[in-house]
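Below is a short report on one structure. Please look at the sequence and the 3D view before reading on.

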Amino acid sequence: MEIYAHRGSSGTHPENTIAAFQEAARLPIQGVELDVHLSKDGELVVIHDEKINRTSKGKGFVKDMTLAELKAFDFGSWFSDDFKGQTIPTLREVLELFADTSHHLNIELKSDMFPYPGMVGKVVALVEEMEFDTRVVLSSFDHESIRAAKQVAPHLETAPLFKEVLVDPLDYMYNVPADALHLYFRTAFRPSIQEALKTGAIIRTYTVNKEKDAEALRDIGVSAIFTDFPEKMIPYAIKK
Ligand code: G3P
Ligand code: CA
């Protein structure tokens with residue numbers, strides 16, 4: 001079972017910051033997950049929420065601020081004073097950080113609350129420019145964005161995200177169309193998912209922070225877990 005650092009190593013470092021990604025880059029894990037929004041001036045920025053309120057001392061929507069305005073805020077000290085001065089990363093900065101590692105990047109398109117016109121095309125263009133084609137999976141709770149990504153770039157791996165139980169998981173995946181499924185981890189224990197896993201389907205699950213849950217998911221053959229504590233999970237990803 002593979003391990004993806006969720007929002008970087010976000011249990012020990014402020015989520016979606018260069019510090020969290022540097023920690024993930026240091027670890028012998030397979031991947032990193034991150035969230036992407038578009039700024040007012042059309043830049044791809046890495047942050048989970050639509051607003052900057054929770055992870056900075058600022059207020060307001062990402063879509064209403066330019067990159068220069070967003071870069072003025074501190075995105076580290078809400079987590080700990082040790083990380084004071086961390087700024088919002090652009091997607092380009094994160095790809096540059098992983099350019100010389102073997103990590104795969106799961107880029108989550110956060111277009112489920114607002115449509116971000118042009119975001120899919122910008123992500124695809126940057127992935128191609130930086131030659132990450134074989135090292136990315138594009139995911140989203142907005143399955144229209146996943147369909148659009150496959151139309152623009154059929155060679156890139158894609159995965160719809162689900163919070164809820166899926167009745168016919170493989171039918172859904174093929175119809176989007178997409179290459180993998182990203183599920184809330186508790187739903188992976190349903191018979192329909194276990195059947196899909198037996199066919200070799202790629203199924204990754206979020207967010208797994210307890211060792212016993214990681215072991216149980218490993219034992220049913222889940223492809224990967226997203227975890228806030230990737231270093232802690234390394235021993236539990238390997239079958240004993
Ligand atoms: O991509 C898996 C997971 O990150 C989805 O949920 O809310 O943490 O972005 P969320
Ligand atoms: Ca995410």
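How many of the six residues of S4 are buried? Six of its six residues are, and S4 is mostly covered. A residue counts as buried if 20 or more other C-beta atoms lie within 10 Å of its own, as exposed if 12 or fewer do, and as partly exposed in between, with C-beta atoms placed from the backbone.

## Basis of the report

This is a predicted model, in which local features need pLDDT of at least 70 and side-chain atom pairs count only at pLDDT 80 or more, while totals for chains, interfaces and linings use all residues. Residues are numbered from 1 along each chain as its sequence is written, and chains are lettered from A and ligands numbered from 1 in the order in which they are written.

Helices (H or I, at least four residues) and strands (E, at least two) are DSSP runs, numbered from the N terminus.

Strand S4 covers residues 104-109. On one side it has His104, Asn106 and Glu108, on the other Leu105, Ile107 and Leu109, and all of these are buried.

Two strands pair if DSSP finds at least two bridges between them. S2 and S4 run parallel and are joined by six bridges, with Gly31 opposite His104 in S4. S4 also pairs with S5 in the parallel sense, over four bridges. In that pair, Ile107 stands opposite Leu138 in S5.

## Strands S7 and S8

Strand S8 takes in residues 202-206, and four of its five residues are buried. S7 and S8 run parallel, with five bridges between them. Leu183 stands opposite Thr205 in S8.

Which residues of H4 are buried? They are Met119, Val120, Val123, Val124 and Val127. These residues are on the same side of H4, because they cover an arc of only 130° around the axis. The arc is that of the directions from the helix axis to the C-beta atoms. The cover over the buried residues of H4 includes strands S2, S3, S4 and S5 and helices H3 and H5. Two residues are in contact if their C-beta atoms, placed from the backbone, lie within 7 Å.

In H5, the buried residues include Ser145, Ile146, Ala148 and Ala149. They cover an arc of only 160° around the axis, so they are on the same side of H5. Among the elements that cover them are S4, H4, S5 and strand S6.

## The nonpolar core

A nonpolar core is a set of buried Ala, Val, Leu, Ile, Met, Phe, Trp, Tyr and Cys residues joined through C-beta atoms within 7 Å. The largest one here has 69 residues, and Val123, Leu138 and Ile225 have the most contacts inside it. H1 gives the most to this core, with six residues.

Not counting residues up to four places away in sequence, Ile225 touches Met1, Ile3, Tyr4, Phe185, Thr205, Val208, Ala214, Leu217 and Met233.

## Around ligand 1

A residue is near a molecule or strand if its C-beta atom, placed from the backbone, lies within 6 Å of it. The residues around ligand 1 are His6, Glu33, Asp35, His48, Glu108, Ser139, Leu161, His182, Tyr206, Thr207 and Phe226.

By class, this shell has three nonpolar, five polar and three charged residues. Ala, Val, Leu, Ile, Met, Phe, Trp, Tyr, Cys and Pro count as nonpolar, Asp, Glu, Lys and Arg as charged, and the others, Gly among them, as polar.

## Local backbone features

Asn16 has a phi near 55° and is placed in the loop between strand S1 and helix H1. Asn16 is buried, because 26 other C-beta atoms lie within 10 Å. Glu131 is exposed, because it has 10 other C-beta atoms within 10 Å.

A cis peptide bond joins Val176 and Pro177, with omega about -5°. Pro177 is in the loop between helix H6 and strand S7. Another proline, Pro169, lies in helix H6. Pro169 counts as buried because it has 23 C-beta neighbours inside 10 Å. Leaving out residues up to four places away in sequence, Pro169 touches Leu181, Ser192, Ile193 and Ala196.
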